Amino acid sequence: MTSPLFSKTIKHFNVLDSTNTEAENWLKEKKPDEGSAVLADFQTGGRGLGKNHWESAPYMNLLLSVILYPEFVKAEDQFMLNKIVSLSVKECVRNILDSNDVRIKWPNDIYVGERKISGILSRNSILGNHIMNTIAGIGININQTKFSANIPNPVSLKMITGNDFGIAEVLNELLKILEINYATLKKNKFAEIDKLYLDSLYLYNQQANYFANGKVFSGIITGVSNFGHLIVETNHGIREFDLKEIQFLNK
Ligand code: BTN
């Protein structure tokens, strides 16, 4: 299969451990062209953030890992990659649903309203002060309507619309947008990307409750640092949180 945009190879598997692992192995063997991707109908060991597992019923959803070589991005700016991938998935889902209610929930989720439709697991390999390669792993819930009870607030395109969607169409839409956003990053348009990201950020500039360091507190998300830390304004000043250091409670 060929990607319409990067015009590079997409390796399509029926069953894989994880598309991210397959992409890592592909990178070890050779240097696939930029934009090459691994697609699976089912993963036996789908990986999520931290120790989480990514659940996806066979043939129901998009399970994809895209290989990029953002050597032009400095190591300290690596969260920009996370931003353009998140923005691309958000725009893709937003276009398909024709809805403004699609947001990026820091650090790596895409939400429709209060429910999670997509998770992103990106890995950057750094050499010196630059990024050598990136594997952007993306799961989008498309036609699955039943999820395990332990998955927090999942949703799919079908659950929202009642319709089935072609996985290939979602894939094409996503790659088209990702290529555009990647080109924007290549032109170093950081301010443009930052604005789009903050405009899309779940609970940005809104008062909400959080849990960190054993305490519940109220705060307002005011941004995300270059390192990808969440910046929250609280009654005790401005605080920054790394992945897994803060939990979102409710609005
Ligand atoms: C998360 O929400 O914790 C991130 C989930 C990322 C899931 C995708 S599915 C395709 C790719 N392959 C994996 O093993 N994980 C990512």
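Modeller: A contact here means that heavy atoms of two residues lie within 4.5 Å. The model under discussion is a predicted one.

Biologist: Which residues does T234 touch, not counting residues up to four places away in sequence?

Modeller: The place of T234 is in strand 10. With heavy atoms within 4.5 Å as the cut-off, and leaving out residues up to four places away in sequence, the residues that T234 touches are F217, S218 and R239.

Biologist: How far apart in space are T234 and F217, C-alpha to C-alpha?

Modeller: F217 is one of the residues that T234 touches. In sequence, T234 and F217 are 17 residues apart. From C-alpha to C-alpha, their separation in space is 7.6 Å.

Biologist: Is T234 buried or exposed?

Modeller: A residue is called buried under 20% relative accessible area and exposed over 50%. The relative accessible area of T234 is 11%. Because this value is under the 20% limit, T234 counts as buried.

Biologist: Why is strand 10 described as largely enclosed by the rest of the structure?

Modeller: Strand 10 covers residues 230-234. The description follows from a count over its five residues: the number that are buried is four.

Biologist: Which residue stands opposite T234?

Modeller: Strand 9 (residues 215-224) pairs with strand 10 in the antiparallel sense, over five bridges. The two strands form a hairpin with five residues between them. Opposite T234 in strand 10 stands G219.

Biologist: Which residue in the turn of the hairpin formed by strand 9 and strand 10 has a positive phi?

Modeller: Five residues lie between strand 9 and strand 10 in this hairpin. The residue in the turn with a positive phi, about 90°, is G228.

Biologist: Which residue in strand 11 is the bridge partner of E233?

Modeller: Strand 10 and strand 11 (residues 237-241) pair in the antiparallel sense over five bridges. Within this pairing V232 stands opposite R239 of strand 11. For E233, the bridge partner in strand 11 is I238.

Biologist: Where is the place of P107?

Modeller: P107 is joined to W106 by a cis peptide bond, with omega about 0°. The place of P107 is in the loop between strand 4 (102-105) and strand 5 (109-112).

Biologist: Is L203 buried or exposed?

Modeller: L203 is found in the loop between helix 5 (190-200) and strand 8 (207-212). Its phi is positive, about 70°, although L203 is not a glycine. The relative accessible area of L203 is 4%, so this residue is buried.

Biologist: And N213, buried or exposed?

Modeller: N213 sits in the loop between strand 8 and strand 9. Its phi is near 50°, a positive value in a residue other than glycine. With a relative accessible area of 65%, N213 is exposed.

Biologist: Which residues does E24 touch, not counting residues up to four places away in sequence?

Modeller: E24 is found in helix 1 (residues 19-29). It is buried, with a relative accessible area of 17%. Residues up to four places away in sequence aside, E24 touches R47, R123 and I135.

Biologist: What distance separates the C-alpha atoms of I10 and P70?

Modeller: I10 lies in strand 1 (residues 10-16) and is buried at a relative accessible area of 4%. I10 and P70 are 60 residues apart along the chain. Their C-alpha atoms are separated by 19 Å.

Biologist: What radius of gyration does the chain have?

Modeller: The chain has five helices and twelve strands, and its C-alpha atoms fill a box of roughly 55 × 45 × 30 Å along the principal axes. For 251 residues, a compact globule would be near 18 Å. The chain agrees with this, at 18 Å.

Biologist: How far apart do the centres of the positive and negative side chains lie?

Modeller: The chain has 27 positive side chains and 27 negative ones. The centres of the two sets are separated by 2 Å.

Note on methods
Residues numbered from 1 in each chain as written. Predicted model: local features only at pLDDT ≥ 70, side-chain atom pairs only at ≥ 80, totals over all residues. Heavy atoms only, no water. Rg over C-alpha atoms; globule rule 2.2 N^0.38 Å. Lys, Arg positive; Asp, Glu negative; His and termini not counted. Charge placed at Lys NZ, Arg CZ, Asp CG, Glu CD. Pairing = 2+ DSSP bridges. Buried < 20%, exposed > 50% of the residue type's maximum accessible area, 1.4 Å probe, protein only.
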